[in-house]
Amino acid sequence: MRDLPIVRSVADLRASLSEFRRAGESIGLVPTMGALHEGHLTLVRTAKAANTRVVATLFVNPTQFAPHEDLSAYPRDEAGDRAKLAEAGCDLLFAPDVSEIYPQGFATSVSVAGLTDHLDGIARPGHFGGVATIVSKLLLQSLPTRAYFGEKDFQQLQVIKRLVRDLDIPVEIVGVPTVRDTDGLALSSRNRYLSEGERRIAVILPQVLRETAVALAGGGPAAPVLDRAKERLLAAGFTAVDYVALCDEATMQPLSAAVSGSRVFVAAHLGRTRLIDNWKVG
């Protein structure tokens, strides 16, 4: 298997991408924080199918961790990730140090209002400001033809689409459907934290999510349906539920009943592991 070329500075990234552009090639960007799984590799393969070159980024972004979250505990395996990316068809890896992204004196941040007022915007204070800032930087550093993000992090996807539109960043943002394990659990880098017992409980999350979406599609007030879903998760062994919510998928605003474009969102904890997922209604 070939070694995947790697660059660590913005200058080297831009130099490499300039060569691609001079050759008339299109560029697909796949931003990641590493700890790669099949969901990430699906993004790479989707990008490869639509572009002649694929660039992945590997950067554990400190500014998107909430104050109560442990940045140092986030899994890291650059060598393993690099090998997986090469096998999936990636052409270049950008893996900068923190000082390259946030040099001394860095004082600018990007925030997206409205879309971040609910769900993880409340549960993870400061998270979306960190996401919006790092994604803005990566897009401007690379200026790809397209950039790819998974729908598992649906609120994040909507935030990125809005910032690109609002800031006139000339990149097409492509959402890719959630990749799930055979039992339905959405793939996530955090799944590796689950014990065997917790993993058996975790599968209940997508089951409850799907059934809640079906129940909401039948009409009527959302609140009792969402309350029952939360009760089922807690009864199954989840240690805490941040939210089970029905929102408009374009505005991310809460809904009292299902309408066209509704989506159910959930965030729940199993021990030290926080799982999120979402499901379209109807």
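Trainee: How many bridges pair β7 with strand β8?

Mentor: In this predicted model, β7 and strand β8 (residues 262-270) are paired over 8 bridges, in the antiparallel sense. Within this pair, Y243 stands opposite A267 of β8.

Trainee: In what order do the strands of this open sheet stand?

Mentor: Strands of a sheet pair through backbone hydrogen bonds, and the pairing may be parallel or antiparallel. Here 3 strands follow the order β7-β8-β9, with antiparallel pairing. Because β7 (240-248) and β9 (273-280) each have a single partner strand, they stand at the edges, and one side of each is left without a neighbour in the sheet. On average, neighbouring strands of this sheet are turned by 10 degrees against each other, direction ignored.

Trainee: Which helix packs on the sheet?

Mentor: Helix α10 (residues 223-236) does so, touching β7 and β8, and its direction makes about 150 degrees with that of β7.

Trainee: At what angle do helix α1 and helix α6 pack?

Mentor: The angle between α1 (residues 10-22) and α6 (residues 127-142) is about 50 degrees, and their axes are 9 Å apart. That angle makes α1 oblique to α6. In this contact, V10, L13, R14, L17 and R21 of α1 meet L140, Q141 and S142 of α6. By class, these are 4 nonpolar, 2 polar and 2 charged residues.

Trainee: How do the axes of α6 and helix α7 cross?

Mentor: They cross at roughly 50 degrees and come within 10 Å, α7 being residues 154-166. That makes α6 oblique to α7, and the crossing is right-handed. The contact includes F128 and V131 of α6 and V159 and I160 of α7. By class, it has 9 nonpolar, 3 polar and no charged residues.

Notes. Residues are numbered from 1 along each chain as its sequence is written. This is a predicted model: local features need pLDDT of at least 70, side-chain atom pairs count only at pLDDT 80 or more; totals for chains, interfaces and linings use all residues. Side-chain values use heavy atoms; hydrogens and water are left out. Axes are lines fitted to C-alpha atoms, for helices over the stretch in contact, and angles run from 0 to 180 degrees between N-to-C directions. Helices (H or I, at least four residues) and strands (E, at least two) are DSSP runs, numbered from the N terminus. Angles under 35 degrees count as roughly parallel, over 145 as roughly antiparallel, 65 to 115 as roughly perpendicular and the rest as oblique. Contact means heavy atoms within 4.5 Å. Ala, Val, Leu, Ile, Met, Phe, Trp, Tyr, Cys and Pro count as nonpolar, Asp, Glu, Lys and Arg as charged, and the others, Gly among them, as polar. A crossing is left-handed if the near helix is turned anticlockwise from the far one by less than a right angle, and right-handed if clockwise. Two strands pair if DSSP finds at least two bridges between them.
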